Amino acid sequence: GGDLGDRMARVLAATAYGATVIVGSDIPGITKTEIAAAFQALRGHDAVVGPAPDGGYWLIGMRREAVCRGLFADVRWSTPHTLSDTLATMPNLRVARLQARRDVDTIDDFKSWQRGKLNI
């Protein structure tokens with residue numbers, strides 16, 4: 001139950017391991033090297049994000065002990081404010097940023113990906 005933020009916060013808090021990374025299902029072509037880079041970033045940071053040019057993000061990860069009350073509260077999902085709103089819910093955390101990637105949100109994004117023109 002709940003919105004996307006509620007569901008992600010539960011996953012991040014419930015992990016049995018030291019860190020968890022969540023990746024959007026709309027990131028074709030993601031590589032294991034990119035996932036490894038996220039976990040590597042979490043060795044020296046509390047959280048990691050992979051920003052998207054549309055104002056959202058394609059990946060988010062956190063160390064279990066960094067998950068805090070109010071995480072993802074009042075985030076405006078699927079807007080140009082999603083990343084900035086999310087970061088505002090983590091004011092005291094050290095957040096690493098990965099390389100920006102475009103996700104596939106629209107049919108035009110999908111067609112661009114098919115033509116190999118989506119910067120993935």
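The side chains of Arg 76 and Asp 85 form a salt bridge, with N to O at 2.8 Å; the term means a side-chain nitrogen of Lys or Arg within 4 Å of a carboxyl oxygen of Asp or Glu. The model is predicted, so local features need pLDDT of at least 70 and side-chain atom pairs count only at pLDDT 80 or more, while totals for chains, interfaces and linings use all residues. Residues are numbered from 1 along each chain as its sequence is written, and side-chain values use heavy atoms, leaving out hydrogens and water.

**Salt bridges**
- The whole structure holds five salt bridges.
- Asp 85 is buried at 12% relative accessibility, whereas Arg 76 is partly exposed at 43% (buried is under 20% relative accessible area, exposed over 50%, partly exposed in between; 1.4 Å probe, protein chains only).
- Arg 102 pairs with Asp 109, their closest N and O atoms being 3.0 Å apart; Asp 109 is buried at 11% and Arg 102 partly exposed at 31%.

**Thr 82**
- Thr 82 belongs to helix H3, residues 82–88 (helices are DSSP runs of H or I, at least four residues, numbered from the N terminus).
- With 5% relative accessibility, Thr 82 is buried.
- Its side chain reaches the backbone oxygen of Arg 76 at 2.7 Å, and a polar atom of the Thr 82 side chain lies 3.2 Å from the backbone nitrogen of Ser 78.
- Leaving aside residues up to four places away in sequence, Thr 82 touches Gly 55, Gly 56, Tyr 57, Val 75, Arg 76 and Trp 77 (contact means heavy atoms within 4.5 Å).

Methods: Helices (H or I, at least four residues) and strands (E, at least two) are DSSP runs, numbered from the N terminus. A polar contact is a pair of N or O atoms within 3.5 Å; within protein, one must be able to donate a hydrogen and the other to accept it, and residues adjacent in sequence count only if both atoms are side-chain atoms.
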